[in-house]
Structures are given as C-alpha cells and as structure tokens.
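Here is a short walk through one structure. Keep the sequence and the 3D view side by side.

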Amino acid sequence: MPSPPKYSIGDKVATRRAYGEALAKLGETNSCVIALDGDTKNSTFSELFKKAHPERFIECFIAEQNMVSVAIGCAVRNRTVVFASTFAAFLSRSYDHLRMGAISQSNINLCGSHCGVSIGEDGPSQMALEDLAMFRAIPTCTVFYPSDGVSTEKAVELAANTKVRKYILKTM
C-alpha cells in the first residue's frame, strides 16, 4: 500500500467501503491489480476502483459463475492481481467454478459483502449464511473476516501479496 490506513480510533467505517478504498489505493501503486464485480459495485464499493482505474475494471453483471471464471482466466498466467466482488450470498452460485479454480491452483481474491444476517432492509435473499463454510471447504483457500476499516485494508493488502485463493468477508 502506498500509505498506512487513514482511519482514526473511533471512526465508524463500513468494511465494504474500506474494501473499495483499499482496492483503489492498491491500484495506484500496482498496475497489475484488476477488479471485477457482479453488478453490485455501489454496494461493494468496487466503484471506487472503477472510478480511479476504469481500464482495469470488468463489470460482470448478474452472472457470478461467469465472474469467477473470468477472474480465474485473468489470473491464470500470473500477470494480474485479480479481485472479484459481489454479495456473499451470490457466490454460492459459483461453487463448482471455485472448486475447479482451486484444483488448477488459480490465484484469485474474492470479496463477499452483506455476509451474515445483519443486512437489514435488503432481506433474506441477500443474506449469506453458507459462504464461510463453502470457502473453508475449498483446498488452500484462506478466509479473511475483517472487523473494521484498518483490518479490511490490511486484509486486501495481504490478499494481493499471497499466492492462494482468498476470500474476504465484509459486513455492512
């Protein structure tokens, strides 16, 4: 990262916003970072990366299976550092693709927002309950569950510099 986290003690920042800010900041110093999103960029805050680096942003719309496959394809020759994000609940659609990516030793970073049951007005169809178990079952997958803005930024930095599949869970 080009600079330490800017958050102060007592700041209340959503981990999903911290993810977007960290991703955009990471893109400033590493031109290999690319971002994909499943048509949730205003919720995952990957739109911050899109605004800063539009030529390295891929909108995958509501096709999470395809998004994961595109991410694996982008990462296959180790020329890019791939971050793909959507609502955590929607990543369950892509489990077979994730499993096959693990078998092929792909190096992708996935970020699921709106995990757990605390997302409020969006309702139960947007709540992820199985995502943690799903990613823990994938061989060589590392799961990060940051609790605040600072730990989210550090998780993004660590994910970018680690050569295994990573999953970053974000709450509101």
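In β6, K166 is the bridge partner of N109. Helices (H or I, at least four residues) and strands (E, at least two) are DSSP runs, numbered from the N terminus. This is a predicted model: local features need pLDDT of at least 70, side-chain atom pairs count only at pLDDT 80 or more, and totals for chains, interfaces and linings use all residues. Residues are numbered from 1 along each chain as its sequence is written, and side-chain values use heavy atoms, with hydrogens and water left out.

Now look at the strands beside β6. Strand β4 covers residues 108-113 and runs parallel to β6, joined by four bridges. Two strands pair if DSSP finds at least two bridges between them. Strand β5 (residues 141-144) is also parallel to β6, again with four bridges. Here T142 stands opposite K166.

β5, helix α7 (residues 149-160) and β6 form a right-handed β-α-β unit. Right-handed means that, with the strands pointing away from the viewer, the path from the first strand over the helix to the second runs clockwise.

How many residues of β6 are buried? Five of its five, across residues 165-169. Buried means under 20% relative accessible area, with exposed over 50% and partly exposed in between (1.4 Å probe, protein chains only). R165, Y167 and L169 cover one side, K166 and I168 the other.

F57 counts as buried because its relative accessibility is 10%. Its C-alpha atom is separated by 8.1 Å from that of D37, 20 residues apart along the chain. Leaving aside neighbours within four places in sequence, F57 is in contact (heavy atoms within 4.5 Å) with A35, D37, K41, S46, F49 and K50.
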